[in-house]
Amino acid sequence: MARIYNFSAGPSILPEEVLQECAADMMDYKGSGMSVMEMSHRSKVYDEIIKQTEKDLREVLEVPDNYKVLFLQGGASLQFAMVPMNLMKTKADYIVTGSFARSAYKEGAKYGQANIAATSEPDTFRYIPKQEDLKLDPEADFVHICENNTIEGTKYPYIPETGNVPLVSDMSSCILSEKVDWSKYAMIYMGAQKNMAPAGLTVVIMRDDLEIQHPDCQPIMMDYQKMIEKESMYNTPPCWPIYVMGLNLKWVKANGGVEGMKKRAEERSGLLYNYLDNESKLFKGVADKDCRSLMNVTFRTGDDELDALFAKEAAAAGMSNLKGHRSVGGLRASIYNAMPLEGVKTLVEFMRAFEAKHAK
Ligand SMILES: *Cc1c(COP(=O)(O)O)cnc(C)c1O
């Protein structure tokens, strides 16, 4: 069977070249006589893989030397708890722009005083609150944001100014799609399965001057300081996803780096948004125009049954996972780095044909 266009929000599409290289390495990784899945994480050959992957990640994202890179597990969802466990002394501000941001806030509230600095929840998370609408506490231990709201299809059009308060950003679904302005962030983190690697790996990049807390009963596995000391090797790291991320980073480098990725993302999302804004009478974009995501495009017909029919017929035509998240319904096309422009062209053509058939 041929490969289809996979619009899944995560785990999601990876570049074919990366998959082919995995396949070529499978039985015998570079003369080691075994696959990367089978080798000791303490072996010399694996040590080279993890070190090179960190080096490439630093290069692609231009990570400054005073930031630590950690390869962890537990997903972005575990970071919702680890961030406050490690960084909250008394209180923190949360900007709630979607269901993942809300989950982070709920975890934060277990560790201290979590304040909602702004929320777009009453308007179904259609937009990102503006800087002047943020009620930020200058005494907060950190400000948490979810930069690209995977489910709702919004992204910050600006990076919040937080003064001296460390900004922590969940970049799970936008990492590697543009440059990171490190002067703004104390820490970023991401579940790797959206735009970097297969599921099982969580990447944390944090400034080395952050004061790390050690509450009673803190599991070693949830202690950033321990993980920094042990260079992500306190226990077995997620060896295979780290290796695949390494291959993916090489692919990103070979294709123009994060700036090249951004250009492609603008082309892809532009095609789809242009169709939604300027042509379609049936499909409508869900997110406000000034804060739309380049990675997750949400849209709907306004008729749940028609949305469901669209997702079903698209799947039959070789375009999978276009159903919106179960919590919000509608439709969503996740168009991460590895999605070829051709995939979006095919989708728009299909939408056009569907619209012609169902025009009222
Ligand atoms: C997918 C996602 C999460 C949850 O990630 P897990 O790794 O499954 O825990 C959190 N935040 C954002 C922005 C996401 O896209």
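**Exercise 1. State what share of the chain is buried, and describe its overall dimensions.**

Step 1. In this predicted model, 54% of the 360 residues in the chain are buried.

Step 2. The C-alpha trace spans about 65 × 55 × 30 Å along its principal axes.

Step 3. The chain is built from nine helices and 14 strands. Its radius of gyration is 21 Å, close to the 21 Å given by the globule rule for 360 residues, so the chain is as compact as a globular protein of that length.

Step 4. Take the contacts between residues at least 6 apart in sequence: 66% of them join residues at least 24 apart.

**Exercise 2. Give the strand order of the seven-stranded open sheet and identify the strands at its edges.**

Step 1. The order is β2-β10-β9-β8-β5-β3-β4, with mixed pairing.

Step 2. β2 (67-72) and β4 each have a single partner strand and stand at the edges, so one side of each has no neighbour in the sheet.

Step 3. From one strand to the next, the twist averages 20°.

Step 4. One of the pairings joins β8 (residues 167-170) to β9 (residues 187-191), in the parallel sense and over three bridges. Val168 has Met187 in β9 as its bridge partner.

**Exercise 3. Classify the aromatic pair Tyr94 and Phe142, and say which parts of the chain the pair ties together.**

Step 1. The whole structure contains 13 aromatic pairs. For Tyr94 and Phe142, the ring centres are 5.9 Å apart and the planes are at 80°.

Step 2. An angle over 60 degrees counts as edge-to-face, and the pair is edge-to-face.

Step 3. Tyr94 belongs to strand β3 (residues 91-96), and Phe142 to the loop between β4 (113-119) and β5 (143-146), so the pair ties together parts 48 residues apart in sequence.

Step 4. Tyr94 and Phe142 are both buried.

**Exercise 4. Classify the pair Phe283 and Phe354, and decide whether each residue is buried or exposed.**

Step 1. The ring centres of Phe283 and Phe354 are 6.1 Å apart and the planes are at 40°, so the pair is tilted.

Step 2. Phe283 is in the loop between α7 (257-278) and β11 (284-285), whereas Phe354 is in helix α9 (residues 341-358), so the pair ties together parts 71 residues apart in sequence.

Step 3. The cut-off for buried is under 20% relative accessible area. Phe283 has 0% relative accessibility and counts as buried; Phe354, at 1%, also counts as buried.

Step 4. Phe283 and Phe354 belong to one aromatic cluster with Phe299, Phe310 and Phe350.

**Exercise 5. Find what sits over the ring of Tyr273.**

Step 1. The charged end of Arg292 sits over this ring, 4.0 Å from the ring centre.

Step 2. The distance cut-off for this arrangement is within 6 Å of the ring centre, and the value for Arg292 and Tyr273 is 4.0 Å.

Conventions
Residues are numbered from 1 along each chain as its sequence is written. This is a predicted model: local features need pLDDT of at least 70, side-chain atom pairs count only at pLDDT 80 or more; totals for chains, interfaces and linings use all residues. Side-chain values use heavy atoms; hydrogens and water are left out. Rings of Phe, Tyr and Trp (its six-membered ring) pair if their centres lie within 6.5 Å; planes under 30 degrees apart count as stacked, over 60 as edge-to-face and the rest as tilted. Helices (H or I, at least four residues) and strands (E, at least two) are DSSP runs, numbered from the N terminus. Buried means under 20% relative accessible area, exposed over 50%, partly exposed in between (1.4 Å probe, protein chains only). A charge sits over a ring if NZ of Lys or CZ of Arg is within 6 Å of the ring centre and within 35 degrees of the ring normal. Two strands pair if DSSP finds at least two bridges between them. Axes are lines fitted to C-alpha atoms, for helices over the stretch in contact, and angles run from 0 to 180 degrees between N-to-C directions. The radius of gyration is taken over C-alpha atoms; the globule rule is 2.2 Å times the number of residues to the power 0.38. Contact means heavy atoms within 4.5 Å.
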